[in-house]
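Please examine the following model.

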Amino acid sequence: MGWFSDVTNFLSSPGFRIGAGVAGLAAGAGAFEGLGGFGDALTYGAGAANLVSGAASTFGPNRSAFDRATGALQMGLGGYNLFQNETTLPFGAGTVGGYGTFDTVYDRITNPDQYEEFSFYKPALGIGEGTGMPSLAPQTGGRGDIITTTQTAQPDVPTPSGEDEVRRGITGAAAQPLPGSTDAQATMPRTVTATGPLALAGGPGASPSASPGGMAGVPGTIASQGGGATIGGLPVVGFANGQAIVQDAAGRVFRAAIPQMDAPSQGFSGFFDRLINYASSNPMQATMSALQIGGMLVSLFGRSQADIAREAMERMSPGSADATEFRRLYEERARREIDRQYQEVRSALDAKFSARGMMRSTVYTTALDQLERSRIDLSSNLPFNSLQAWNQVAQNMGQSMRSAAGYAQVAAPQLDFSSMTRVLAQSPLTQSLAAGR
Amino acid sequence: MVEKLYPYNRFVGLDAIADRRQMGERFLEICEHAFVDLRGQINKLPGYKIKPGLTTQNVMYCENFGNNVVLYGQHNAGTIDLKVYSAGTTVATGWAWGSNLDWCQFLASEYVFLDGQPPYGWDGTAWSSKTVMFPAAIRGPCAANVLSRLCVAGYAPTRTEIAVSKAGLADFTVAGSGAGDAARINIIDDLTGKDEIVGLGTFEGNKLAIFCRNETLLFVADPNIANWALLRDFRVPIGTVGKRTIKRVGNDLFFASKFGVHSIRRAVNGVTLESITFSRVIQDIYARCIENLHATWEPRSVWDPDKGQYHLYMPQIGDYWGRFTFTIEPSGRQPHLSWGFTPNAGIADATYFNGILSLAVPSVGLCDDDHRQETDTSKMRVRTAVLYQGAPQRRKNYKRLLVRASGDAKFRVRAYNEDRDLIDDDVMSNYPDNDGSLYTPERPIDVPFEHFAYGVQLEFESEDKGDLRIMDFALVAEV
C-alpha cells in the first residue's frame with residue numbers, strides 16, 4: 001500500500017480531516033449504517049463530510065481559535081448541507097428541505113436572537129407535508145408547532161418536544177396528540193427555559209447549555225437570557241462528568257444535573273451545545289443526526305490520530321471487510337452486467353441468425369463460441385478487476401476508507417462496465433451485427 | 001360458292017393441353033425438331049455434327065471452358081473419362097457411366113462433381129482430383145459459385161448443408177470468424193419438410209439458389225459470410241428434377257421440376273422476386289416425360305442466347321433423350337414464349353459459349369450444331385391444329401395450298417381431315433421441281449389442294465439436311 005507509506009503525512013493532510021472525521025463518525029456511532037446502508041451514506045456524504053470537517057477543525061488538537069470558529073461554521077454548514085441537499089431521509093422519515101440559504105443559516109447560528117423561532121428542538125421538517133425528521137439546521141418556523149424561546153418553562157416536561165418528534169420522525173405525520181393528551185395540548189407550543197425551576201430529571205445525556213467563548217465540549221457556564229447561568233438558583237461554576245457543578249452561597253460545590261434547555265444559545269459554542277444537547281437527549285428520535293454527531297464526538301474525542309490512521313489503513317486494505325464487500329458487490333454487479341450483456345448479444349445473435357436462416361451454420365456457432373469465450377474471459381478476470389477497482393477507488397478516495405467504501409458501495413452498481421463488455425463487440429462479426437446488417 | 005383465301009401465320013408453338021380440334025389455329029399439335037421464332041415462323045432446328053478431330057464416341061456430358069474449349073465425359077468401359085476438347089487431355093475418373101455430374105467454374109478452374117466422390121478439377125492444363133480441397137465430408141453432387149465463393153451441397157449425411165468456401169480461395173476449411181472465412185450452412189430448419197439439396201444456382205450474381213426436391217430457397221450472399229441471409233419472403237414451393245436444368249437465362253434463373261419449367265426472376269416492379277411457370281401449355285407432354293423419366297439419369301439443359309432457346313434434355317426409359325425447346329423473347333410488351341418437343345432428339349447434354357453450341361450426343365460424340373452436316377437425319381415434324389376456315393360444321397371444298405418458306409432443306413406436306421384421316425400424303429409432289437428445295441423462293445409455293453373436308457390439319461416434315469423456315473401458308477377453299 002504505497003499510498004499508505006507515510007501515515008504521518010497522510011494524517012496531516014488537510015483532506016484527512018474530513019476523512020478521519022467521517023471514519024470516526026462511522027466507527028463511533030455507525031452513522032452511515034444508521035443511514036440505511038452504504039448507499040445512503042454516500043447520499044449524505046457531502047453534508048456529513050462538511051459537518052465532520054468542521055468538527056475536526058473545531059475540536060481537533062492544536063487548533064487555533066480561528067480554526068475552531070471557522071470549523072464550527074463549516075460544521076454547521078455541513079449540517080445544513082446534510083439536510084438541505086437531500087430529499088429523502090432514512091427510516092421513511094420523509095422529506096427535508098427548505099432551510100434557506102447559507103447566509104441565513106450562518107446568520108441564525110451567529111445571531112440566534114434575530115430568530116425567535118429558532119430551536120434545535122424544532123423538528124426540521126415541514127409539518128403537514130408528511131415530513132418528520134429533526135434537523136441540525138435552524139428552522140425557519142412556520143408550519144409546525146413552534147417552540148419559541150421566550151415562553152415560560154414547563155418544568156414538569158423534561159423532554160417537551162421529544163414525544164412529538166418521535167411520532168413525527170417515525171411516522172412522518174403531522175403532530176398527533178399523545179395518548180391521553182388533547183389536540184390542543186399537542187399543538188400548543190411547549191417550551192422550557194434555563195431560568196425555570198430545576199428539572200434535574202433531564203436524564204442521561206442531558207445537555208449542557210451554551211458556553212460563550214468557551215471550548216465546546218468543555219462548557220464553562222450556562223448562558224441564559226438572564227445572564228450568569230444558574231441551576232436551582234445556584235450559579236454554575238463548572239461541569240464534570242456530564243453534570244454541572246454549582247456553588248452555593250457558602251461556597252460549597254455540588255453536582256447538579258443539567259436541566260433540559262431549549263433556549264437559544266449564543267455564538268458558535270452555543271450552537272454546538274445545542275447539537276450535543278439535542279443529540280444526546282434524543283439519541284433515537286434524532287436518529288441519524290444524533291448518531292452522527294454522537295459518533296463524531298466519540299470519534300474525535302475518543303480516538304487518537306494513530307487509531308484513526310490504523311483503522312483507515314486497515315480498512316483500505318484489499319483484505320478489509322470493506323474491500324471484500326466492495327469487491328463482492330463489484331463482481332456481483334459486473335457479473336450481472338456481463339450476463340445481461342451476454343444475454344442481449346446472444347438474443348441478438350439468435351434473432352439475426354435465425355432471421356437469416358443461419359442458425360445451423362458454422363458462422364453462428366463461431367459467433368456463439370466467441371461470445372461464450374468472451375464471457376468466460378470477463379468472468380474469470382473479475383477477481384482481478386475488482387481488486388484493481390478497489391485499489392483505484394481507494395486511491396481516488398484517498399484519505400477515507402469509509403468514504404471509499406461508501407462510495408464504492410454506491411458506485412459499484414453504477415460503474416460503467418462497458419469497457420469490459422466492449423470485448424463482446426470487438427469481433428467483426430458482432431460489429432457487423434451491431435450495424436444491423 | 002366463292003373461293004376464299006385463308007392465311008395462317010404468326011404461329012405460337014406447341015399446345016399439348018388442348019384438343020387438336022379445339023386449340024387455337026396459331027398453335028401446333030406437334031412441333032418436333034423445330035421451333036417457332038419470335039416472328040411466329042416455324043423453323044427447323046439444326047442437326048449436329050461431330051467436332052473436328054474427334055471420332056465417334058459415346059459422350060453424355062459436356063461443359064464449356066472458354067472459347068472453343070469443351071470438357072466432356074466420354075464412356076470408357078462403363079466409367080466416365082473426362083476429356084478436354086480439343087487438347088484431348090483425359091483423366092479416367094472411374095465414376096460409373098450415367099452418373100449425374102455437376103460442373104462449376106471457380107477461380108479459373110472447372111470442377112466436376114459427383115456425389116460422394118472427390119471432385120476433379122481442370123485448371124486449363126491438367127486434370128486433378130481435388131481430394132484435399134474437398135474433404136470427404138463435403139463431397140457433394142452439386143455446386144455453384146457466388147460472390148467469389150464456391151458452394152457445394154447435398155453431401156451425405158447432411159444433405160441439407162451447404163459448404164461455402166473462403167472468399168476467393170479454393171479452401172473450405174472452417175476456421176476463425178473473419179468476413180471471408182469458409183462456413184457450413186445447414187438449412188434443415190428452414191425447409192418445410194423432409195428434403196435434401198439437389199441443386200445449386202446463382203441468381204442475380206449475389207444470390208445462392210438452393211434447390212431441394214420439393215422447394216427452393218434463396219440465400220442473399222455477402223462478401224462477409226456473417227451477413228449471408230436467407231430470403232424469408234421468397235420461397236418457391238417447387239424443387240428441381242435435375243441440377244443441370246438450372247441455368248441462368250439473362251437475369252432469370254431457369255430450372256425444371258417434375259411439374260414443368262420455371263423461372264425465378266425479379267418482378268416488373270423491380271423490388272420483389274417471383275417465380276413463374278412456363279410450361280403450362282405443354283403440361284400433358286411434360287408429365288408424360290416425367291413419368292417416363294430415366295431411373296438414374298437426370299435431365300440437363302442449355303441456354304442458347306443466340307437463338308433465345310432453353311433446351312431441356314429429358315432422359316427417358318430406354319436410354320433415349322427427349323428434348324423440350326423453349327424459345328423465349330422476353331423483351332417487348334408481348335413476350336414470345338414458344339415450346340417445341342422432340343421425343344427422341346438424341347442429345348444428352350449441351351453447352352454454349354461464344355456462339356458455339358456444343359452437344360453431347362451419345363451415339364455420335366461431342367458435336368456442334370450444324371444445319372448442313374451430312375449425317376443429320378433429325379426429322380422435323382410440325383403439325384398444325386385442325387383448321388376449319390369458318391364454321392366447323394360446314395364442309396369445305398379446298399382448292400389450293402400456298403406456302404411461303406425458305407431454306408435449302410427439302411420438305412413435304414401431309415394433310416389430314418378433321419378426323420385425322422390422311423387425305424394427302426405429299427402435297428408438294430406436284431411442285432414443279434418436285435424436290436421441295438426452296439432456298440431462295442421468289443414467290444410462294446402454290447400447289448393444288450383439292451379435297452373435301454370440314455377442316456384440315458397440315459403437317460410439315462423434313463428429314464433433309466439444311467435449314468428450313470415455314471413463314472406462313474394459306475388455303476384456298478370454297479365455303
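A residue counts as buried if 20 or more other C-beta atoms lie within 10 Å of its own, as exposed if 12 or fewer do, and as partly exposed in between, with C-beta atoms placed from the backbone. By this criterion, 49% of the 479 residues of chain B are buried. The model is predicted: local features need pLDDT of at least 70, side-chain atom pairs count only at pLDDT 80 or more, and totals for chains, interfaces and linings use all residues. Residues are numbered from 1 along each chain as its sequence is written, while chains are lettered from A and ligands numbered from 1 in the order in which they are written.

Confidence is expressed as pLDDT, the predictor's value for each residue on a scale from 0 to 100. Chain A averages a pLDDT of 52, and 23% of its residues score at least 70. Over residues 114-227 of chain A the pLDDT is below 50, and this stretch has 265 contacts in the model beyond near neighbours in sequence. A contact requires the C-beta atoms of two residues, placed from the backbone, to lie within 7 Å. Where pLDDT is low, the predicted coordinates should not be read in detail.

Chain B contains one helix and 40 strands. Helices (H or I, at least four residues) and strands (E, at least two) are DSSP runs numbered from the N terminus. Of the contacts in chain B between residues at least 6 apart in sequence, 57% join residues at least 24 apart.

Two strands are paired if DSSP finds at least two bridges between them.

| Strand pair (chain B) | Bridges | Sense |
|---|---|---|
| Strand 16 (residues 149-153) and strand 17 | Three bridges | Antiparallel |
| Strand 17 and strand 18 (residues 183-186) | Four bridges | Antiparallel |
| Strand 31 and strand 32 (residues 356-361) | Five bridges | Antiparallel |

Within strand 17 (residues 161-164) of chain B, B:Glu161 and B:Ala163 point one way and B:Ile162 and B:Val164 the other, and all are buried. In a regular strand the side chains alternate between the two faces of the sheet. B:Ala163 stands opposite B:Val152, and B:Glu161 stands opposite B:Asn186 in strand 18 of chain B.

A further group of four strands of chain B forms an open sheet in the order 6-33-32-31, with antiparallel pairing. Strand 6 (47-50) and strand 31 (349-353) of chain B each have a single partner strand and stand at the edges, so one side of each lacks a neighbour in the sheet. Neighbouring strands of this sheet are turned by 35° against each other on average, direction ignored; the axes are lines fitted to C-alpha atoms, for helices over the stretch in contact, and angles run from 0 to 180 degrees between N-to-C directions. B:Phe353 has B:Ile356 in strand 32 of chain B as its bridge partner.
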